[in-house]
Every structure is written in C-alpha cells, then in structure tokens.
Amino acid sequence: MDKGLLEMNKNNQIEYYSRKLPGTDIFSLCKAPFAGLEISPEGYIVLCCAAPRNVLAHIDDIDDLEEFYNGPVMEKYRQSLEDGNYSYMEPCSLCYKKEMEHKRGLKKVLETGILGDFTNFDDDWRARKENKKRPLRFLEYTLSNLCNATCATCNSLFSHKWQSIDKKFGRKLFPIVKLKNDSISKIEKILYGLETLVIKGGEPFADIRNIRILKKLYEINPSCRVFIISNMYTITPEAMEILKMAKPGTLKVSASIDGVGKVYDWIRSNNFEHLIKTMEKYYKETGNKISINVCISLYNFFHLDKILNYFKDKEYINWINFGNITTRPSWVDINCLPEKTFNLQMEKWNKKLSQIRVRKENSNEGEKSQFLLKGSADPLLNQVWRPRAGKELFFSEMEKMNNHRGFDLCDHIPELKIWRDSP
C-alpha cells in the first residue's frame, strides 16, 4: 500500500478503504462524487474531468450548488458505487478499465493525490446515511477560456487568443466562454466547507475573477488546499498579494512548460526569459516551490532532456512531471514517428529518466528531500509504439506555425530536421 493510503488509514477512513471489488485489490468507491464536483467554463456540472460529456446539470439551472450536491442526481452515482457497480457503471468504468490494466486513471490520481487526505470522509458518510446535508469538500472549476498564450498543441476551445490563428489556418473557431457573475456567486457560497480547490483555465491568472475567488476563500476558509494549473507566464501584483495570503503548505501552483529557450517560445508562444523571471519572483514572494507539467508531443519529444537539465537543480522547482502525453491534434502524436526512431528515443528516455526518479538527499545544507522527477513519468516510460501515419501532415502543420512564429522549430531540434529531410 502506498504512503498516501497508509496515511488515510491512520486517519480512520474506514468506510472507503474497507471496500474492494470481489477478487481484486481495487477500491470500489471513487472519492469524487462523495466529495464534490467539477464546473466547466460553459457552466456544465460534471462528476470529474474524466467525464466531460457526462453532463449532470447546468449551473444556470440550479439555485444552490450545495443543494445540488446533496440531491438525487449525484446521489445516484454515490449509491451505485456503494452497491459495487464501479466496474460497469458509466462513466466510471473508464477508470476501472485503466486500473485493471495497472494504469493510473483519475480515480487513482484522486485517492493518492489531491484527495489523498480527505479528512471528513467518514463524518460525511455518516451524515449522508442520516440524510443530513454535507458541504462540498472538493471543487474543480474553469471560469473561462481566457488565456495569454497560443500554444502549438491548443486551439480556440481552450484559449481565446487562438481565435485569430484558427481563422488564419482555416480551422474550427470556438467562441469566448465565461461563467456569469451569478455563477461565481454560487461558487463563493460553498467555499466555506472545501478541503480542496482546483483552478484551471484557459489561464487562471488571465481571468482576474479567479484571484477574487481566492481572496474570498482565504478570508473564510484559509486551511483549504488550492491547486492552480497555470502556465505561470504572468502574475499581476494584485494576484501575487493574494497568493501570499495562503497558509504555508496549502497552495500548489504548477507551470505548464514544454521546452526551454526558443523551443519554449515556439511551442508556448511566449518568451522563456519572461517566464523564468515570473517563476523566480513567485518563489521569492511566497516561498512556495513550483511543479512543472510537461505536455509531451512530437514538437518536444527529442527535447525532454533539455527541460530536465535546465530545471532539475533550480531551487524553486518542486518536481517535474513527464506524464502528460498528448495525441491531439492527431499530427502531434509521437506514434507518427517511424518505429525505429521511436524505439531508439524511448531507450534514451528510459535510461535517462529512470536514473533520477529518486529523491535527492543529504545535500550540503544537511538532510533534505526534493523530487527531481515525479513518478508519473511512467506513462512516458511505458509507451509502446503503435503505427500511425502522419509525417506529411505533421510537417505541413508545423510549417504553418513556423510562418506564424517567424522561425523554424527544426533549427532548434535537429532530430526533427533529420526526419523531415529523410526519404
């Protein structure tokens, strides 16, 4: 049993951890519907980010989020999980299939990560059995698709700044979407009971309303853990002051970084030096270290060591996550590479990354621990090549972005140039 689960058992989380599917080592309950919900920028309420198409309601159609959370729509899923239906109920069976394949589905991520120390589970379980209302303990939301970047793997669905590029490239154009102020008032009403809040985008720091919600949270519920998934390119002075209100150990900000130097500039559209100054300033002002999430695509598949080498010894870095491998849009899938090229590069990454997936201890300052690389690099290290045609389309789309950015990515990643020029 991993450390997170052991800690939970110490906290007497009996109901959850005593229930397993017959003949398996898989816990039958998922914490998500027993703790809270997710709200999309369109206002759709869903069980979690793994089930965006399984819409439960629209926030405009409900008067109170806590009433909805305690109501029959969500209770149906809680009861079904309690009855042992995890393996075949929709949409939860998607996570079940991953667990049976020994992969990390969202359920596993929640129970060992952001909900790994959900302290009120048993109390809320008993209150539920007595038909008493419980506060939401977990909320994940995206206020809008407002963003300050045009990342090469993105589109206008997730970044409003992509609208002009989608139009220029002849792709589908998505509108700006934002939760209404009335919806934000509904969110503010349930902040008092939260144990965990996850804020996503767009870019959270590009929508100032996120900062105002944080200010409200810190005024009424300062012990709540907050996770902000950001690109960390720019944090305004107003936002920085509110981030400094967080209690030590409760605020975790992750930065999405897919390259260093000009490769970062090309993929993420912004300036690498400016990013580093923002990260250094955040660490100096708050004392909080930063986690890095790398979105792996064909654009940076040969560049991962440069990211690792640049950040691994930086004082302000907590850990680096190489676990997010994108297959959308289709032409950035690393399986578009020839099998031999793919396998040779995977051998390199397995050798390089497996050597450092440990804590660094006994430094010159005495004994201390620091994650250099999160264990979630496993999805990358376990990749097996699957044939997928796409070389011509990949370079055709890359050339469009080359023209838009004003320079050629191949000038900074020679392996891509070799592949492009090969027969």
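**Close-up views of a predicted model**

**View 1. Ser256 sits in a strand.** Ser256 counts as buried because its relative accessibility is 14%; buried means under 20% relative accessible area, exposed over 50%, and partly exposed in between (1.4 Å probe, protein chains only). Ser256 belongs to strand β7, residues 251-256. Helices (H or I, at least four residues) and strands (E, at least two) are DSSP runs, numbered from the N terminus. Neighbours within four places in sequence aside, Ser256 is in contact with Ser230, Asn231, Arg268 and Asn293. Contact means heavy atoms within 4.5 Å.

This is a predicted model, where local features need pLDDT of at least 70, side-chain atom pairs count only at pLDDT 80 or more, and totals for chains, interfaces and linings use all residues. Residues are numbered from 1 along each chain as its sequence is written, and side-chain values use heavy atoms, with hydrogens and water left out.

**View 2. Aromatic rings pair up.** The whole structure holds 16 aromatic pairs. Tyr310 and Phe311 form an edge-to-face pair, because their ring centres are 4.8 Å apart and their planes stand at 75 degrees. Rings of Phe, Tyr and Trp (its six-membered ring) pair if their centres lie within 6.5 Å; planes under 30 degrees apart are stacked, over 60 edge-to-face, and the rest tilted. Tyr310 is partly exposed, at 28% relative accessibility. Phe311 is buried, at 0%.

View 3. Phe394 is buried, with a relative accessible area of 0%. Phe395 is buried too, at 12%. Trp266, Tyr299, Phe394, Phe395 and Trp419 make up one aromatic cluster.

**View 4. Helix α18 packs against α19.** Helix α18 (residues 391-405) and helix α19 (residues 414-421) pack at about 125 degrees, with axes 11 Å apart. Axes are lines fitted to C-alpha atoms, for helices over the stretch in contact, and angles run from 0 to 180 degrees between N-to-C directions. The angle makes α18 oblique to α19; under 35 degrees counts as roughly parallel, over 145 as roughly antiparallel, 65 to 115 as roughly perpendicular, and the rest as oblique. Lys391, Phe394, Phe395 and Met398 of α18 touch Leu416, Trp419 and Arg420 of α19.

**View 5. Helix α13 also meets α18.** Helix α13 (residues 261-268) and α18 pack at about 105 degrees, with axes 10 Å apart. The two are therefore roughly perpendicular. On α13, the contact involves Asp265, Trp266, Ile267 and Arg268; on α18, Met398, Met401, Asn402 and Arg405.

**View 6. Two arginines sit over rings.** The charged end of Arg78 sits over the ring of Tyr69, 4.9 Å from its centre. Arg128 lies over the face of Trp125, at 5.1 Å from the ring centre. A charge sits over a ring if NZ of Lys or CZ of Arg is within 6 Å of the ring centre and within 35 degrees of the ring normal.

**View 7. Helix α5 has buried residues.** In α5 (residues 72-82), Met74, Tyr77, Arg78, Ser80, Leu81 and Glu82 are buried. These buried residues pack against α3 (32-35), β1 (36-39), α4 (65-70) and α8. Just after α5, Gly84 takes a positive phi of about 85 degrees.

**View 8. Lys133 lies in a loop.** The loop runs between α8 (121-129) and β4 (138-142). Lys133 touches Glu67 and Asn70, not counting residues up to four places away in sequence.
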